[in-house]
Amino acid sequence: MRIYNVRVLQSAEADIDNLADFLFEKLSREGAYRYLDSMRNEVLSLSVYADCFSESHSKMIRAIHPHAKKMVSHNHKWAYIFHIEGDTVYVDRILPSKTIA
């Protein structure tokens, strides 16, 4: 089993920032932090599970990166779009899963 480093690109950071703003408006402070912490743990799990996912055939996802892969969150609300280069997983975007065709 290969273990990767995980790096979150600025585009994915911006997605998280937008989501955080929304969560802090709708949930309690503790609830928003729990939700964001859960997402962070899912992203970090790519260090172990990145090889389990195959490259996407979706044109939308491949437009983000030609070798992009997709992992759906545990609650099926988010899609983590990532690619692997060498020993590093790069998280390109975090998008609502229902927006991906």
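Is Asp15 buried or exposed? In this predicted model, Asp15 has a relative accessibility of 14% and therefore counts as buried, since the cut-off for that class is under 20%.

**Salt bridges**

Side chains of opposite charge can pair when their charged atoms come close.

| Salt bridge | Closest N and O atoms |
|---|---|
| Arg93 and Asp15 | 2.8 Å |
| Asp37 and Arg40 | 3.3 Å |

Arg93 counts as partly exposed, at 28% relative accessibility.

Asp37 and Arg40 are both in helix H2 (residues 29-44); because they are three residues apart there, about one helical turn separates them. Asp37 is partly exposed at 36% relative accessibility, and Arg40 is partly exposed at 47%.

**A negative surface patch**

Glu13, Asp17, Asp21 and Glu25 form a negative surface patch. Of these residues, Glu25 is located in helix H1 (residues 10-26). Glu25 has a relative accessible area of 64% and is therefore exposed, the cut-off being over 50%.

**The surroundings of Ala50**

Ala50 is found in the loop that runs between helix H3 (46-49) and helix H4 (59-64). With a relative accessibility of 0%, Ala50 is buried. Beyond its neighbours within four places in sequence, Ala50 makes contact with Tyr4, Lys69, Phe82, Ile84 and Val89. Val89 is 39 residues from Ala50 in sequence, while their C-alpha atoms are 7.3 Å apart in space.

Key:
Residues numbered from 1 in each chain as written. Predicted model: local features only at pLDDT ≥ 70, side-chain atom pairs only at ≥ 80, totals over all residues. Heavy atoms only, no water. Helix = DSSP H or I, 4+ residues; strand = E, 2+ residues; numbered from the N terminus. Buried < 20%, exposed > 50% of the residue type's maximum accessible area, 1.4 Å probe, protein only. Contact = heavy atoms within 4.5 Å. Patch = residues over 30% accessible without salt bridge, like charges linked within 9 Å, V, L, I, M, F, W, Y side chains within 5 Å. Areas by Shrake-Rupley, 256 points an atom, 1.4 Å probe, with all protein chains shown as cover. Salt bridge = Lys/Arg side-chain N within 4 Å of Asp/Glu carboxyl O. Lys, Arg positive; Asp, Glu negative; His and termini not counted. Charge placed at Lys NZ, Arg CZ, Asp CG, Glu CD.
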